[in-house]
Amino acid sequence: MSLIFDEYGRPYIILQEQERKTRIKGLDAIRSNIAAARTLSRTLTTSLGPKGMDKMLQSQDGDVTVTNDGATILKEMDVENQVAKLMVELAQSQDDEIGDGTTGVVVLAGALLEQALILLDRGIHPTRISEGFDKACEVCLDRLEQISQKIEFSEKSYDELVKAAMTTMSSKVVNRYSKQLAEICIKAIFSVADFERKDINLDLIKVEGKVGGTLEDSVLVNGIVLDKDVSHPQMPKAVDNAKICILTCPFEPPKPKTKHKLDIDSVEKYKDLQKAEQEYFRDMVQRVKDSGANVVLCQWGFDDEANHLLYQNGLLAVRWVGGVEIELVAMATHGRIIPRFSEISEKKLGKAGKVREVSLGTTHDHVIFIEDCANSKAVTIFLRGGSKMAVDEAKRSVHDALCQVRNLIRDQRIVYGGGSSEIACSLAVSEFADKVSGVEQYAIRCFADALDAIPSALADNSGLSSLETVGALKAAQTKQQNPRLGVDCLGRGTWDMKEQNVYETLLSKKQQIQLATQLVKMILKIDDVIGPTDALT
């Protein structure tokens with residue numbers, strides 16, 4: 001695309017391959033963008049809340065994913081439209097930063113765009129709409145600060161954290177076991193947390209899953225779990241006071257780096273070659289043995305000869321351990337990753353209380369447990385489930401719960417869920433709109449209406465009348481001055497979310513409103529779309 005001026009000095013645009021391009025300008029471009037984003041938002045609306053429906057997504061490879069996690073749904077969808085891709089990035093940024101609230105942020109952004117479309121039809125300029133939304137967002141953040149409450153917890157008393165973690169799992173497949181999984185997540189976070197700096201390194205918490213058993217069989221392992229088995233069936237299945245040699249070099253004879261050809265034309269030469277190989281392997285295993293190691297983890301494979309020698313020397317050996325696992329084991333055991341056999345020494349060995357092979361079920365699937373590591377901060381959440389889909393969804397649920405607990409340790413303030421905080425913000429924004437003169441007050445009122453989309457979706461998904469429920473909640477919050485009143489999705493007979501133990505972190509809620517507002521402002525500023533013909537359909 002280039003800008004050209006005619007003989008009168010008037011600018012006009014020349015497009016490369018003009019006949020193959022489609023161009024939409026002005027309000028038509030904004031309406032087209034809003035329509036694409038709203039379509040995606042409506043897909044997720046039915047997944048919101050504890051009664052939200054799951055989505056089944058099939059990849060091109062035939063893999064099936066069943067989930068109601070917003071970020072996962074959008075990631076698995078094949079989205080072509082560029083503005084719709086912005087919504088996918090919105091959910092992803094919420095997931096990366098906070099970990100929870102991915103569905104809510106997309107639903108809120110879609111509701112804001114619907115309200116923006118109403119304002120555009122009234123002839124209000126997109127810039128004025130953006131300014132009004134900005135002011136309303138600031139009012140929301142102030143209101144959230146006012147209604148937030150600080151929760152107290154310690155390593156021995158963490159009931160409030162359990163309630164917060166259970167809230168994130170209430171809508172997932174795992175909700176029957178939400179209390180058990182929430183406690184596992186909290187113990188895992190406490191194992192790796194630095195409370196002085198309020199810093200939690202989630203890389204030290206590995207989430208591993210294995211099909212078989214039920215979610216009730218899930219456990220927290222004080223160490224690392226490797227989805228591998230020992231390389232020889234007669235090797236020891238358990239080693240106490242393990243000294244681990246972590247290798248990234250293969251147990252194989254050396255190969256020349258250049259192309260080579262070796263002619264063996266007699267039995268003697270063959271025997272000499274075999275003897276040289278055996279000597280090489282004996283030297284390798286002897287170096288490991290001399291260092292004092294009794295467990296060998298190797299990133300590569302073993303030759304049969306090497307495997308036999310390792311067994312004869314009473315070493316427990318595991319091969320084909322992935323690079324990520326190798327690094328995690330090194331961190332957990334305070335060991336060094338050794339790239340050459342000549343560098344093996346006692347100082348570089350990792351230390352663990354116990355290494356054992358565990359057999360699961362009648363199919364005898366095996367996993368390796370490396371427990372009581374030198375760095376006690378490394379832990380693994382080992383999940384079980386009746387199917388691969390159940391295990392995968394449990395992993396996603398545990399990730400959300402871990403992030404929720406991490407955020408509460410960073411900032412102990414919470415707001416109450418069930419749409420109560422959105423209704424409180426909506427009432428505050430409506431009240432603020434009465435004090436604003438000019439066109440912006442219309443945008444501020446529409447922002448308040450958009451906030452009602454969250455409790456409306458929660459009510460619809462729970463089989464309630466959204467209009468009646470939201471209207472009654474607004475009236476009750478105004479009359480009682482109680483910002484904890486929200487949608488009773490589970491039919492427990494009370495609107496008070498404190499009694500229902502439905503908690504959300506203040507960080508998560510503030511981030512949702514800020515990210516949704518920023519995205520809507522960005523979409524409203526796009527007034528010229530140039531692209532290939534099929535990209536805009």
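A contact here means heavy atoms within 4.5 Å. Keep in mind that this is a predicted model, in which local features need pLDDT of at least 70 and side-chain atom pairs count only at pLDDT 80 or more, while totals for chains, interfaces and linings use all residues. Residues are numbered from 1 along each chain as its sequence is written, and side-chain values use heavy atoms, with hydrogens and water left out.

Now step back and take in the whole chain. You'll find 16 helices and 21 strands; these are DSSP runs, numbered from the N terminus, with helices (H or I) having at least four residues and strands (E) at least two. Along the principal axes, the C-alpha atoms fill a box of roughly 95 × 70 × 40 Å. Of the 537 residues, 51% are buried, meaning under 20% relative accessible area; exposed is over 50%, and partly exposed is in between (1.4 Å probe, protein chains only).

What about charges? The chain carries 67 positive and 78 negative ones, and their mean positions are 2 Å apart. Lys and Arg count as positive, Asp and Glu as negative, and His and the chain ends are not counted. Each charge is placed at NZ of Lys, CZ of Arg, CG of Asp or CD of Glu.

Next, zoom in on a pair of helices. Helix α4 (residues 102-121) packs against helix α13 (residues 440-451) at an angle of about 145°, and their axes are 9 Å apart. Those axes are lines fitted to C-alpha atoms, for helices over the stretch in contact, and angles run from 0 to 180 degrees between N-to-C directions. On the α4 side, L108, A111, L112, Q115 and L119 do the touching, and their partners in α13 include Y442, F447 and L451.

Have a look at Q94 too, in helix α3 (residues 82-97). Q94 counts as buried because its relative accessibility is 0%. Leaving aside residues up to four places away in sequence, Q94 touches G99, D100, G101, T102, V105, S508, Q511, Q512 and L515.

N241, in strand β12 (residues 238-247), has a phi near 50°, a positive value in a residue other than glycine. N241 counts as exposed because its relative accessibility is 61%. D372 sits in strand β17 (residues 365-373) and has a positive phi of about 50°, although D372 is not a glycine. With a relative accessible area of 48%, D372 is partly exposed.
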